[in-house]
Amino acid sequence: MAGSANADPEASELPPTAARAVSRSLASRRSVYVEEVQRLLDAGLSLMVEGQEAPRVADIVQRSGLSNQAFYRHFASKDELIVAVVESGSARLGTYLEHQVSLAPTPEAQLRAWVAGVLSQATPHVAAPTRAAMTNFRQLPPGHRGAALQPGHDILVGILERLGSPDAERDATTVSTAVFGRLDQFLWTSPPTPRDVEHLVAFCLAAVTRPA
């Protein structure tokens, strides 16, 4: 009988009962490792928010309640952990943008939801972790900067296509750069007002609905 496409290649060489035992062990270990990684990410981010730039592995380990062995089981360095923290935050923002856009009835309202969703990262309850993660990320060597700092790109492309953009892909890159640039400014000054949001939405609408 053919094995599952996701089966472990070494376990597939074992008799069925032994292979199932290996699979159960791997599944149990995976849940432990997922919890360890999340504790390390939470510890690293909390240290960044407290003002510690490029937190030390020793501090991350102490805050997480884990060991050096646990840290290096998952991350090659503190730089890799910082990238993972940023990627985790970007993924959460992408999910949030997708949800907000799905509630909007028209393309114009969807663009407004996308812009407002990005700028919401500068509101008081989320500004500190966003600012801390971005500060640490920008200090990494170029080779480590693989994380996406501008999530929701594909969602934005779809919105601009529905708005009739003559070049939705390029327009999405430009709009995203402008909106995330404004987010960066708000993170270091004061939260955006509703008027700020509407101004940026109007600016983006004028740009993407221009004649072809």
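This is a predicted model: local features need pLDDT of at least 70, side-chain atom pairs count only at pLDDT 80 or more; totals for chains, interfaces and linings use all residues.
**Stop 1: the largest pocket**

Start with the largest pocket, which holds about 450 Å³ of space. Select Gly89, Ser90, Leu93, Gln121 and Thr130. Of the 21 lining residues, these are the closest to the pocket centre. Now colour helix 4 (78-102), helix 6 and helix 8 (168-188). Each of these elements gives two or more residues to the lining. Which element provides the largest share of the lining? Helix 4 does, with seven residues. Next, colour the lining by residue class. It divides into 13 nonpolar, five polar and three charged residues.

**Stop 2: Gln121**

Stay at the pocket and centre on Gln121, one of the residues closest to the pocket centre. Gln121 sits in the loop between helix 5 and helix 6 (124-138). Is Gln121 buried or exposed? Its relative accessibility is 17%, so Gln121 counts as buried. Show the side chain of Ser120 as well. The side chains of Gln121 and Ser120 make a polar contact at 3.3 Å. Then widen the selection beyond four places in sequence. There, Gln121 touches Leu93, Val126, Ala127, Thr130, Leu183 and Leu187.

**Stop 3: Arg112 and Glu198**

Turn to the charged pairs. Side chains of opposite charge can pair when their charged atoms come close. The whole structure has six salt bridges. Select Arg112 and Glu198 for one of them; their closest N and O atoms are 3.0 Å apart. Arg112 lies in helix 5 (residues 107-119) and Glu198 in helix 9 (residues 194-208), so this pair ties together parts that are 86 residues apart in sequence. Arg112 is partly exposed, with a relative accessible area of 32%. Glu198 is also partly exposed, at 38%.

**Stop 4: Arg56 and Asp59**

Move to Arg56 and Asp59. They form a salt bridge, with the closest N and O atoms 3.0 Å apart. Check the surface at Asp59: its relative accessible area is 17%, so this residue is buried.

**Stop 5: Asp167 and Arg170**

Finish at Asp167 and Arg170. Their side chains meet in a salt bridge, 2.9 Å from N to O. Arg170 is exposed, with a relative accessible area of 61%.

Note on methods
Residues are numbered from 1 along each chain as its sequence is written. Side-chain values use heavy atoms; hydrogens and water are left out. A salt bridge is a side-chain nitrogen of Lys or Arg within 4 Å of a carboxyl oxygen of Asp or Glu. Buried means under 20% relative accessible area, exposed over 50%, partly exposed in between (1.4 Å probe, protein chains only). Helices (H or I, at least four residues) and strands (E, at least two) are DSSP runs, numbered from the N terminus. A polar contact is a pair of N or O atoms within 3.5 Å; within protein, one must be able to donate a hydrogen and the other to accept it, and residues adjacent in sequence count only if both atoms are side-chain atoms. Contact means heavy atoms within 4.5 Å. On a 1 Å grid over the protein atoms alone, a cavity is a set of points where a 1.4 Å probe fits but cannot get out, and a pocket is an open set with protein on both sides within 12 Å along at least five of seven lines; lining residues have an atom within 4 Å of a point. Grid points are joined across faces, edges and corners, and a volume is the space filled by probe spheres set on the points. Ala, Val, Leu, Ile, Met, Phe, Trp, Tyr, Cys and Pro count as nonpolar, Asp, Glu, Lys and Arg as charged, and the others, Gly among them, as polar.
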